[in-house]
Amino acid sequence: MRVLVTGAAGHIGGHVMDDLLAHGHRIVATDLVPVDDPRLDRVHTGDLRDPELVRDAMAGAEAVVHLGAIPHPNSDDDSALFATNCLTAHRVLDEAGRTGVRRVVAASSLAAVGLAWSPQPQSPRYVPLDEEHPTLVQDPYGLSKLVLEETARATHRRHGTDIVCMRFPFTGTGERLAAQLAAVRDDPGGHRMDLWGWLDTRDAARAVRHALVTELTGCHILNVAADDTSSPVPTAQLLEEHHPGVPYFTELTGHASLFDTSACAKLLGFAPEYRRSPLDEAAGKAAASASGADSGPAADGEV
């Protein structure tokens, strides 16, 4: 297919394009910054709030991967962050519907639940947290992701476009992921609000491809996360120490994730390939080797 990828210069965007190109798809890319890649059919540089840019980029697209947004809650103007993410989502999804694009995959976030960036400490109502969990959102970033999901539902009702919104946690690979795992290892309590969710970016790219090519209809909101936590502390202990009293509906063995991803597995046939333990161990060995230290097991008991 010819696929329009918005936010192509971002961390997830680069991995998505590599994966799609490796599987024979053709790419049209957009971003605020230039994307210099001779493998691409076309590149459009500009702001997705510009309707002309979106129309030009959409021309000839058979599918869309919408990643273009402000990807974090750090802003001096919360209203501007919210407005930008909502407007760009509507521009892209509505134009896709108007031009007859049949499949859109959009990057939502587990922040849509309202825990990760909440200005007030909160705990989930239950775990594993599924797509039906009540909305607790207070922050503008998480709220913008909820609006993205409602925009997707409205686009399907209006135009019949089949859409998958993927609720991603922290995504990373290589040094980016190693830094995150080290931060969680050193301070698990500092990550209590994101429930220690994570996903290797290579798995995120694979999930996007599955969502593009799997036969499905409708609008679907899916949790997409690794099947373990980002912490070397056992999951039951994490929950007891940082979210005491939260009910759980499955046995929390080992380092099991606190996010229910069974809907994604059932609908897309997708399962993540990467787990924290070998990646964490490899990162530890690399750091030890770089410092000239022994590359054996870490003293803090990481697994």
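This is a predicted model: local features need pLDDT of at least 70, side-chain atom pairs count only at pLDDT 80 or more; totals for chains, interfaces and linings use all residues.
**Exercise 1.** How do the axes of helix H2 and helix H3 cross, and which residues make the contact?

Solution. 
- Step 1: Locate the helices. H2 covers residues 51-58 and H3 covers residues 78-98.
- Step 2: Take the axes. They come within 10 Å and cross at roughly 45°.
- Step 3: Classify the angle. Angles under 35 degrees count as roughly parallel and 65 to 115 as roughly perpendicular.
- Step 4: Assign the hand. The crossing of H2 and H3 is right-handed.
- Step 5: List the residues. H2 contributes Pro51, Val54, Arg55 and Met58, while H3 contributes Arg91, Val92, Glu95 and Ala96.
- Step 6: Sort them by class. The contact of H2 with H3 holds 5 nonpolar and 3 charged residues, with no polar ones.

**Exercise 2.** Is Pro51 buried, partly exposed or exposed?

Solution. 
- Step 1: Pro51 lies in helix H2.
- Step 2: Apply the cut-offs. Buried means under 20% relative accessible area, and exposed means over 50%.
- Step 3: Compare the value. Pro51 has a relative accessible area of 35%, so Pro51 is partly exposed.

**Exercise 3.** How do the axes of H3 and H4 cross, and what classes of residue make up the contact?

Solution. 
- Step 1: Take the axes. Those of H3 and H4 come within 9 Å, crossing at roughly 20°.
- Step 2: Classify the angle. This crossing angle makes H3 roughly parallel to H4, because angles under 35 degrees count as such.
- Step 3: Assign the hand. H3 passes H4 in a right-handed crossing.
- Step 4: Inspect the contact. Among the H3 residues in it are Leu81, Phe82, Cys86 and Asp94; the H4 residues they meet include Tyr141, Leu148, Thr151 and Arg158.
- Step 5: Sort by class. The contact of H3 with H4 has 11 nonpolar, 7 polar and 4 charged residues.

**Exercise 4.** What span should helix H4 have, and which elements do the buried residues of H4 pack against?

Solution. 
- Step 1: Work out the span. H4 (residues 140-159) has 20 residues, so at 1.5 Å a residue H4 should span 28 Å.
- Step 2: Check the model. The end C-alpha atoms of H4 are 28 Å apart, which agrees.
- Step 3: Find the buried residues. They include Tyr141, Gly142, Leu148, Thr151, Ala152 and Thr155.
- Step 4: Find the partners. The buried residues of H4 pack against H3 and against strands S4 (63-66), S5 (103-109), S6 (162-168) and S9 (219-223).

Technical notes: Residues are numbered from 1 along each chain as its sequence is written. Side-chain values use heavy atoms; hydrogens and water are left out. Axes are lines fitted to C-alpha atoms, for helices over the stretch in contact, and angles run from 0 to 180 degrees between N-to-C directions. Helices (H or I, at least four residues) and strands (E, at least two) are DSSP runs, numbered from the N terminus. A crossing is left-handed if the near helix is turned anticlockwise from the far one by less than a right angle, and right-handed if clockwise. Contact means heavy atoms within 4.5 Å. Ala, Val, Leu, Ile, Met, Phe, Trp, Tyr, Cys and Pro count as nonpolar, Asp, Glu, Lys and Arg as charged, and the others, Gly among them, as polar. The expected span of a helix is 1.5 Å times one less than its number of residues. Buried means under 20% relative accessible area, exposed over 50%, partly exposed in between (1.4 Å probe, protein chains only). Angles under 35 degrees count as roughly parallel, over 145 as roughly antiparallel, 65 to 115 as roughly perpendicular and the rest as oblique.
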